[in-house]
Amino acid sequence: SMQRTRSEALYEEALKHIVGGVNSPSRSFKAVGGGAPVFMKRAEGAYFYDVDDNRYIDYLAAYGPIITGHAHPHITEAIVCAAQNGTLYGTPTELEIQMARMLKEAIPSLDKVRFVNSGTEAVMTTIRVARAFTKRNKIIKFAGCYHGHSDLVLVAAGSGPSTLGIPDSAGIPTSIAQEVITVPFNNLPALKEALERWGDDTAAVMIEPIVGNFGMVMPEPGFLEGVCKLTREAGALVIYDEVITAFRFHYGTTQTFNVFPDFKAIEPDLTALGKIIGGGLPIGAYGGRKEIMEQVAPLGPAYQAGTMAGNPASISAGIACLEVLQEAGIYDRMNDLATLLADGLRASASKHGIPLTINQIRGSFSTHFCNHPVTNYDEAQDTNGDVFGRFFKLMLEQGINLAPSKYEAWFLTTAHTKEDIEVTLAAAEIAFSKL
Ligand code: PMP
C-alpha cells in the first residue's frame, strides 16, 4: 500500500510549530477519522505530487480557486511577469481598472467594485457597507452557509424555524451573535417570519445563492426571487456571497446563470467575490450598486482599507485566469466530465448497496452518504460522516485527493481528462466494495 512516511514525519514536526499542524482547520484530517494530512510538494494540471513522491488526481482544487488546474501556463506567466515588475506598490495601477472592468462586464449588478485579500474580508465589508447604508444593525443568514471567519457570520442556527444566533466559535461576544438571525435554506416562510419579527432592524440578508458549503445545493425554483422580494419589502439589502460560485458554472455569477429565467428578479444589491477571481493568489472583491458602494471611504463614512489590496500579482493572476475561462467550450467540457464521474459513482455505489446522493451543478458536485435528497443544512448533516471518512481514506490510498470533509464539493478543472475520470471510477469501485 501507499507509503506516506515523510508526510507523517512532517506532520509531527508541524505540530510543534504550527497550531494543529495546519494553517486552516479544514486541512486537518480530524473530520475523517484523524491521521496525518498529506504534505504536497508540487502540483501541475490535475495532479498533486506529495513529499513521498506519490501522485494524486486532485478534486480539491484548493477549495475552489484552481479551476484551470494547477500551474496553468498562462497564469504562471502572468505571475512571473508581475513578480519581475514588483509585487506590491501601494499605489493604484492600470491592471486594477482592467480587472474591475472584466468583473463588471460579467456581473451586471456591479456598478463599482473594491478589491480585498480574501473572501472573509469581502463578506465582512459588505456587511459594514450594508449597515452604513441602511443605518440598521441585524443581518439574516442561512443555516449551514459559510461566509468566512469574521464574527458576524460565524454564527450557527439554534433550533426552530428562525432563531437568534449562537456563536459557532469561542471568542465571539453574545452581543454580536444576537445581531444575527439564522433561517433554513430553501425555506421562504422562515425568512418571512424572521423579517416580520426583526425586519425593521435588518440591514441585510446574506446568502450563498447557490450553496457550496454544506454540499452543492441549488435554490429551489422561486427561492432566490422570494428572498430578493421579501428582503426589499423590509427595506434591507440582498448580499450574495459568490466566493465559491462566481465563474464556477459559467463565465459569470448566479445572477447570470441561465438556469434562472428572470435575471432582474434575482439581482443582489451587493456581491462578495473571491477564490477563482484570484487565479490561485490571495484575493477577494466586493461590489454593487453605485449609491451603496459610495458609502465606502474615501467617498463615504464606511471605512475599509488594505496594504495588500489590489496588488499587481493577485490582479495579474486573476485577469489571466478569467482570460482562460473565456475560451469557448471550457465549462461544457468540465460539465461533461463531472457528469461522467457522478453517473459512474452513483452506479458503482448502488451496485454495492451504498446509499449515495450526488448534487451536481455543472462541473462540480457533492457526495452525500444518505438515501434522501439534500436541499438544506439539516438534510446535509443527516448523512453518514463515518462512511465518508472511510471512503475518503480508501480513495486517498489509491491516489485520489478529495477534501477531508463530507460537505465539500469535488471540483473538476479544465485540466482533468476522461482518463482521469476512468482512473477515479476504478478507484471508487474498489473503495465502495470495501466500505
Ligand atoms: N464565502 C464562501 C461562500 C466561502 O466558501 C468561503 C471560503 N470557503 C469564504 C466566504 C471565505 O473565503 P476566504 O477563505 O478566502 O476568506
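This is a predicted model: local features need pLDDT of at least 70, side-chain atom pairs count only at pLDDT 80 or more; totals for chains, interfaces and linings use all residues.
**Entry 1: domains**

I began with the division of the protein chain. Domain 1 takes in residues 5–71 and 328–434, and domain 2 spans 73–325. I then looked up the distance between the two centres, taken over C-alpha atoms, and noted 26 Å.

For the boundary between them, I recorded 25 residues of domain 1 in contact with 28 residues of domain 2. On the domain 1 side, the elements giving two or more residues are α10 (330–351), β14 (357–361), β15 (364–368) and α11 (377–381). I noted that β15 supplies the largest share of this side, with four residues. By class, the domain 1 side consists of 14 nonpolar, nine polar and two charged residues.

**Entry 2: α3 and α9**

I next examined helix α3 (residues 94–106) against helix α9 (residues 312–325); their axes come within 10 Å and cross at roughly 40 degrees. From α3, the contact draws on L95, E96, Q98, M99 and M102, while α9 contributes P312, I315, S316, G318, I319 and L322. I sorted this contact into seven nonpolar, three polar and one charged residues.

**Entry 3: α10 and α13**

I returned to α10, this time for its packing against helix α13 (residues 418–434). The two axes come within 10 Å, with a crossing angle of roughly 20 degrees. Because angles under 35 degrees count as roughly parallel, I described α10 as roughly parallel to α13. The crossing of this pair is right-handed.

I listed L337, L340, L341, G344, L345, S348 and A349 on the α10 side of the contact, and K418, I421, T424, L425, A428, E429 and F432 on the α13 side. The classes here are nine nonpolar, three polar and two charged residues.

**Entry 4: the four-stranded sheet**

Which strands form the open sheet, and in what order? I read the order as β1-β2-β3-β16, four strands with mixed pairing. I marked β1 (40–44) and β16 (400–401) as the edges: each has a single partner strand, so one side of each is left without a neighbour in the sheet.

Strand β2 (residues 47–50) runs antiparallel to strand β3 (residues 55–58), and three bridges join the pair. As a bridge to locate in the model, I noted Y47, whose partner in β3 is I57.

Key. Residues are numbered from 1 along each chain as its sequence is written. Domain bounds come from an automatic or database domain assignment. Two residues are in contact if their C-beta atoms, placed from the backbone, lie within 7 Å. Ala, Val, Leu, Ile, Met, Phe, Trp, Tyr, Cys and Pro count as nonpolar, Asp, Glu, Lys and Arg as charged, and the others, Gly among them, as polar. Axes are lines fitted to C-alpha atoms, for helices over the stretch in contact, and angles run from 0 to 180 degrees between N-to-C directions. Angles under 35 degrees count as roughly parallel, over 145 as roughly antiparallel, 65 to 115 as roughly perpendicular and the rest as oblique. A crossing is left-handed if the near helix is turned anticlockwise from the far one by less than a right angle, and right-handed if clockwise. Two strands pair if DSSP finds at least two bridges between them.
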